[in-house]
Amino acid sequence: MDAGFLRRAGASLGFLIAVAAMSAALYAWGLNQALDQLARRGAADLALAADRLTGQLQRYREMAVLLAPHPALGAGDRAAAEALLLEASDKTAALNLIQVDAAGRVLAEAYPGGPAGAASGPWVARAMQGALGAGHGLYGRDAQRAYFFAAPRFAPGGGVEGALVVAVDLSRLEDEWRGARPTVFFTDAAGRVFVTNRTELLFWQKGGGALPPPLIVRQGGSEVWRLDWGPYIPASALHLVRELPVIGLRAEALVDTGPAVRIAGLQAAVFAALWLAFGAFLFLAMERRRALSQANRLLEARVAARSEELKRAQADLVQAGKLAALGQMSAGISHELNQPLMAIGQFADNGLAFLDRGRPEAARDNLGRISALAVRAARIIRNLRAFARGESEPMGRVDLIRVVEAAIELTEARLEADGVRLIWAAPDAPVPVRGGEVRLTQVFVNLITNAADAMAGQVEDKLIRIEIAPGERWQVTVRDTGPGIADPERIFEPFYSTKEVGGDEGMGLGLSISYGLVQSFGGNIRGENAPDGRGATFTVELERWSGGARDDEGREAA
């Protein structure tokens with residue numbers, strides 16, 4: 001094996017190990033985050049379950065307190081007292097209601113013959129002290145789970161003369177929420193499950209019972225139990241606890257961690273898949289690069305032999321591109337040059353005639369006109385050459401008026417051929433701004449030609465108005481009377497155009513280029529429809545020129 005293959009194999013193995021380590025770390029982090037969210041939801045569910053049990057017991061507590069001082073229980077009529085207690089039991093589904101005296105003797109029962117333990121538990125002793133007693137235990141020969149409230153009954157002189165005990169059937173309360181999620185159970189001080197929505201957990205106690213003890217694992221800040229307690233209890237569960245001192249029990253919940261594990265696993269799997277896909281792409285790219293490198297070395301000699309020929313061909317193509325651009329611009333204003341040239345010829349013939357007739361003053365006048373026309377033709381050619389060459393001169397002081405007038409001269413032939421009127425009222429004084437003259441001219445040429453294109457389908461009322469307004473920054477507005485902008489939000493996006501591509505139409509780059517040029521000058525450009533719905537308005541904002549600043553190349557600007 002060559003050294004290159006061993007290096008690539010080692011790098012691939014290292015990459016796989018790194019991906020596995022990062023995926024494992026992401027899985028652990030994601031699991032902790034998911035367990036935290038699961039714990040918050042489980043805590044809310046546990047609070048609801050605890051409030052439900054407490055609220056259900058609260059009804060019987062209030063019944064014991066309200067019924068204990070009832071006159072029928074102090075009249076000495078056992079039959080009347082038992083009738084009252086039976087009626088109350090029927091209405092509330094209480095397991096039994098028992099009246100005892102101060103010595104603990106049963107005076108009346110809703111269901112006579114109840115177990116003696118209900119009337120002698122610690123809750124009764126608490127009631128004999130003048131306070132409300134409460135507790136839980138087993139009731140009767142069937143060992144029914146019950147919760148007891150004992151309310152004291154006070155004698156007319158103020159002492160405790162007995163108590164009323166209300167026994168609540170806990171299994172009846174469980175029927176309302178048995179099988180609900182999550183798994184909830186309530187344990188007493190000894191840790192024994194006394195109330196639950198899963199019957200298989202009844203009387204289970206940590207450290208004993210028929211069910212195997214859970215395997216407790218710490219996951220981040222959470223306690224997770226690993227269980228094997230049957231199909232209706234999750235095998236992996238988040239253990240939550242809530243103390244309930246009001247009823248003397250502890251509420252506990254087992255929340256299935258399966259969703260959290262799946263979410264964390266999915267996150268880690270997606271992360272690993274993305275990195276493995278990236279690694280495969282990188283490996284293929286490197287292999288392709290290596291193959292191309294070998295092919296390049298084989299072709300190097302052949303390329304070197306033809307390099308000079310290619311350079312000459314490239315130079316010819318660049319020159320052809322320049323000539324094509326120059327021809328495109330010059331064709332549009334050819335008749336603008338033709339007019340002064342024809343006039344120059346006419347004035348020259350007239351000047352010769354005036355000299356032959358001995359009229360030098362008239363000949364001088366014709367020569368002056370020839371000079372002015374030559375200056376105009378030279379100016380048109382200079383603007384055309386600068387624009388077509390796309391010169392990238394450094395930014396400096398630019399007269400905005402001269403820029404706009406140069407753009408108008410370059411587009412004048414196009415506007416005249418399309419029958420477009422242009423209104424331009426130049427300010428009296430120069431308007432100095434910060435920018436590049438050639439690039440700024442290109443911006444206004446684009447805006448004027450776009451306005452003319454927008455009105456191409458109109459028969460009449462073709463008008464472009466250009467104005468310069470002062471402000472914190474100089475503003476130049478170019479308004480047209482065309483159909484307006486269909487989607488102003490996208491007008492400066494590259495390749496966005498309402499024109500059909502092909503022929504002489506553009507590709508939607510003019511406004512995007514203009515936007516970039518104006519931004520490079522520190523200015524801004526925006527396009528919007530006219531308020532009256534007639535045409536579009538483009539506004540170019542440019543920074544005022546502040547004397548003494550330097551251009552892009554560090555030279556002191558004029």
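What does a side-chain oxygen of Asp399 reach at the start of H8? I looked there first: the oxygen comes to within 3.2 Å of the backbone nitrogen of Ile401. I count a polar contact as a pair of N or O atoms within 3.5 Å; within protein, one must be able to donate a hydrogen and the other to accept it, and residues adjacent in sequence count only if both atoms are side-chain atoms.

Ground rules for myself. This is a predicted model, where local features need pLDDT of at least 70 and side-chain atom pairs count only at pLDDT 80 or more, while totals for chains, interfaces and linings use all residues. Residues are numbered from 1 along each chain as its sequence is written, and side-chain values use heavy atoms, with hydrogens and water left out.

**Helix H8**

I took helices (H or I, at least four residues) and strands (E, at least two) as DSSP runs, numbered from the N terminus. H8 covers residues 400-418, 19 residues in total, and spans 26 Å from its first C-alpha to its last. That is close to the expected 27 Å, the expectation being 1.5 Å times one less than the number of residues. I still found a kink of about 50 degrees, centred on Thr411; the bend is the angle between axes fitted to the seven residues ending there and the seven starting there. Thr411 is also one of the buried residues of H8, including Leu400, Glu409 and Leu415. Buried means under 20% relative accessible area, exposed over 50%, partly exposed in between (1.4 Å probe, protein chains only). Just after H8, I noted Gly419 with a positive phi of about 70 degrees.

**Asp188**

Asp188 sits in the loop between strand S6 (183-187) and strand S7 (193-196). Is Asp188 buried or exposed? I have it as buried, because its relative accessible area is 11%. A polar side-chain atom of Asp188 lies 2.9 Å from the backbone nitrogen of Arg192. Leaving aside neighbours within four places in sequence, Asp188 is in contact (heavy atoms within 4.5 Å) with His136 and Leu249.
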